[in-house]
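This briefing covers a protein–DNA model, taken topic by topic. Please keep the sequence and the structure open while reading.

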Protein chains: 2
Amino acid sequence: MNSPSPTRQARHELIDAGGRTAASFGVNKLLGQLFVVLYLAPRPLCLDELAEELGVSKASISLATRQLAGWGAIRRVWRKGDRRDFYEAEEDPRQILRNGVLDALQRKLDSAGRQFQEAIRTFEAAAKGRTDGDEAILLDRLRHAEATRAKVSGLLQHPLVRRMI
Amino acid sequence: MNSPSPTRQARHELIDAGGRTAASFGVNKLLGQLFVVLYLAPRPLCLDELAEELGVSKASISLATRQLAGWGAIRRVWRKGDRRDFYEAEEDPRQILRNGVLDALQRKLDSAGRQFQEAIRTFEAAAKGRTDGDEAILLDRLRHAEATRAKVSGLLQHPLVRRMI
DNA sequence: ATGATTGTTTAGAAGATTCTAAATGAAGGG
DNA sequence: CCCTTCATTTAGAATCTTCTAAACAATCAT
């Protein structure tokens with residue numbers, strides 16, 4: 001509460017934008033807001049400060065911090081002689097991208113790949129030899145989808161991409 | 001209903017996986033299921049067939065098809081002499097990536113960029129000259145976040161990436 | 001026109017998610 | 001030990017999303 005009005009306003013808008021962004025990706029908007037608060041904070045903050053700042057119960061903050069910490073977006077910080085847990089944001093957004101977002105994406109792609117290949121095997125076995133009919137179309141589509149998936153997966157691991165991010 | 005059991009099972013699992021994937025990205029799982037049904041179908045399907053296939057009301061299908069069509073993932077198809085609307089999937093997943101996913105991502109990044117830059121201007125104006133204190137840290141973080149955002153945005157437009165996808 | 005068929009809108013039911021307050025747990029200081 | 005202070009869990013309230021049935025609109029055939 002030490003800032004004059006325009007910066008407070010700007011800060012408030014950034015927090016709100018964090019919430020909207022989170023929501024637009026289908027995650028709890030509180031996670032986005034919480035991360036922005038920590039990312040902009042000059043020092044680690046405790047649960048009560050976070051709850052106060054966002055006007056939300058401590059229970060919500062407790063859940064939210066654990067989730068964000070699980071993604072590597074924030075981390076717990078101990079202060080000697082203080083029993084409270086403090087949290088600070090991972091200050092390098094690229095770290096979060098790598099460890100949180102891209103990792104999760106890669107896992108999804110891998111899982112989809114296994115599923116595709118299993119389905120392709122099943123359909124190949126069912127339509128042995130025959131290259132016509134509905135199931136041939138379906139197989140074609142499946143193979144096409146799998147090829148694209150593999151391409152995207154490869155792109156994510158490409159050194160150039162890895163280095164740029 | 002013409003397939004023997006293992007392929008039916010495989011097809012069912014693909015539809016389910018589509019639903020789970022959609023849900024994991026925070027969108028209505030019906031959209032994912034619906035897309036898979038259409039993507040694997042040997043011919044365009046009408047609303048009633050889709051509702052029947054997924055065990056869901058026609059109203060839901062009506063909303064879902066419109067949303068998917070809006071993303072360019074499926075398209076409406078007319079059959080002469082038939083009053084029903086038929087739908088088919090965009091058969092090239094890369095097209096969907098480009099027009100649906102990457103486009104939306106780019107728009108989000110652009111919007112975030114504008115917001116960052118506006119906030120940076122506000123804080124610069126508030127802390128003119130001074131390079132110490134809490135607001136200096138905050139400005140530093142903001143600039144770092146914006147730099148990363150710009151890098152990701154550039155990566156999405158990089159010809160190499162564009163070509164590979 | 002009238003009726004039949006199809007797609008859309010809408011009001012509210014059903015179901016998830018997210019939030020809070022209160023109970024519980026854990027740990028340190030007196 | 002008991003008391004205080006914090007974090008977590010949990011049960012249920014509040015809110016949001018998604019779904020359906022029914023009303024409506026539009027279009028074609030008779």
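In the residue classes used here, Ala, Val, Leu, Ile, Met, Phe, Trp, Tyr, Cys and Pro count as nonpolar, Asp, Glu, Lys and Arg as charged, and the others, Gly among them, as polar. On that basis, the surface near DNA strand D is made up of 5 nonpolar, 5 polar and 7 charged residues. The model is predicted.

**DNA strand D**

- There are 17 residues around DNA strand D, and those that come nearest are A:Ser62, A:Arg66, A:Arg83, B:Ser57 and B:Ser60.
- Sugar or phosphate holds 77% of the atoms of DNA strand D within 4 Å of the protein, and bases hold the rest.
- The side chain of A:Arg66 places an N or O atom 2.7 Å from a phosphate oxygen of DNA strand D.
- For B:Asn28, an N or O atom of the side chain is 2.9 Å from a phosphate oxygen of DNA strand D.
- Helix H4 (58-70) of chain A and helix H4 (58-70) of chain B each supply at least two residues of the surface near DNA strand D.
- H4(A) gives the most to that surface, with 4 residues.

**DNA strand C**

- DNA strand C is surrounded by 17 residues, of which A:Ser57, B:Ser62, B:Arg66, B:Arg83 and B:Asp85 are the closest.
- Of the atoms of DNA strand C that come within 4 Å of the protein, 75% belong to sugar and phosphate.
- A side-chain N or O atom of A:Ser60 is 2.9 Å from a phosphate oxygen of DNA strand C.
- The side chain of B:Arg76 has an N or O atom 3.3 Å from a phosphate oxygen of DNA strand C.
- A base is also contacted: a polar side-chain atom of A:Arg83 lies 3.4 Å from a base nitrogen of DNA strand C.
- The surface near DNA strand C has 5 nonpolar, 5 polar and 7 charged residues.

**Strand pairing in chain B**

- Strand S1 (residues 45-46) of chain B pairs with strand S3 (residues 86-89) of chain B in the antiparallel sense, over 2 bridges.
- Opposite B:Cys46 stands B:Phe86 in S3(B).
- Strand S2 (residues 74-77) of chain B runs antiparallel to S3(B), and 4 bridges join them.
- B:Arg76 has B:Tyr87 in S3(B) as its bridge partner, and the side chain of B:Arg76 also has the phosphate contact to DNA strand C given above.

- Chain A is divided into domain 1 (5-89) and domain 2 (93-164).
- The centres of these two domains of chain A, taken over C-alpha atoms, are 35 Å apart.
- A:Gln106 lies in helix H5 (residues 93-126) of chain A.
- Is A:Gln106 buried or exposed? A:Gln106 counts as buried because its relative accessibility is 10%, and the cut-off for buried is under 20%.
- Apart from neighbours within four places in sequence, A:Gln106 is in contact with A:Ser153, A:Leu156 and A:Gln157.

Note on methods. Residues numbered from 1 in each chain as written. Chains lettered and ligands numbered in written order. Predicted model: local features only at pLDDT ≥ 70, side-chain atom pairs only at ≥ 80, totals over all residues. Heavy atoms only, no water. Near = heavy atom within 4 Å. Polar contact = N/O pair within 3.5 Å; in protein donor to acceptor, adjacent residues only side chain to side chain. Buried < 20%, exposed > 50% of the residue type's maximum accessible area, 1.4 Å probe, protein only. Contact = heavy atoms within 4.5 Å. Domains from an automatic or database assignment. Pairing = 2+ DSSP bridges.
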